[in-house]
Amino acid sequence: MKPTNRLISELFSQGKFSSVYEFFSEDMEWNIIGNTSITGKQLVVDFCSQMMIEMESAVLTNDNIIEAGNQIVIEGKCSYFNAAGQKSFVNYCDIYSFEGDVIKRIHSYCIEVLN
């Protein structure tokens, strides 16, 4: 059975990228606001593969999910160890736009939280 668009979004926001690669459109866009913008399924897959290595110690928690039409918004928190070995925290908001059952576009906002 095919997963719902909500589940696809939840998995991606939890950093389980490889489990949803098949649901990327060929011309998918991922805009990480203030950081980078990637267009094209293979380039997004390559970027995700690199992120999975960097996020190996990360714990991501989706806190709030809003669904409206072909869009899904997920707010969450991430804790990880930075390059200096210090525990760091980020709050994120991912906005997914679907075309049918594939992700057409993601806009991600990531804000480092200072403790």
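Me: Which side chains meet in a salt bridge with aspartate 27?
Reply: Side chains of opposite charge can pair when their charged atoms come close. A salt bridge here needs a side-chain nitrogen of Lys or Arg within 4 Å of a carboxyl oxygen of Asp or Glu, and aspartate 27 meets lysine 104 in this way at 2.5 Å, N to O. The pair links distant parts of the chain, with aspartate 27 in strand β1 and lysine 104 in strand β6 (residues 102–113), 77 residues apart; helices (H or I, at least four residues) and strands (E, at least two) are DSSP runs, numbered from the N terminus.

Me: What should I keep in mind about the source of these values?
Reply: This is a predicted model, in which local features need pLDDT of at least 70 and side-chain atom pairs count only at pLDDT 80 or more, while totals for chains, interfaces and linings use all residues. Residues are numbered from 1 along each chain as its sequence is written, and side-chain values use heavy atoms, with hydrogens and water left out.

Me: Is lysine 104 buried or exposed?
Reply: Burial is read from relative accessible area, where buried means under 20%, exposed over 50% and partly exposed in between (1.4 Å probe, protein chains only). Lysine 104 has a value of 19% and is therefore buried, whereas aspartate 27, at 39%, is partly exposed.

Me: Which residues do salt bridges with shared partners join into one network?
Reply: That network holds Arg6, Glu10 and Glu67. Arginine 6 bridges to glutamate 10 with the closest N and O atoms 3.4 Å apart, both residues lying in helix α1 and separated by four residues, about one turn of the helix. Arginine 6 also bridges to glutamate 67, at 2.9 Å between the closest N and O atoms; because glutamate 67 lies in strand β3 (residues 59–68), this pair ties together parts that are 61 residues apart in sequence.

Me: How many aromatic pairs does the structure hold?
Reply: Rings of Phe, Tyr and Trp (its six-membered ring) pair if their centres lie within 6.5 Å, and planes under 30 degrees apart count as stacked, over 60 as edge-to-face and the rest as tilted. The structure holds seven such pairs. In one of them, phenylalanine 12 and tryptophan 30 have ring centres 5.0 Å apart and planes at 75°, so the pair is edge-to-face. Phenylalanine 12 also forms an edge-to-face pair with tyrosine 96, at 6.0 Å centre to centre and 85° between the planes.
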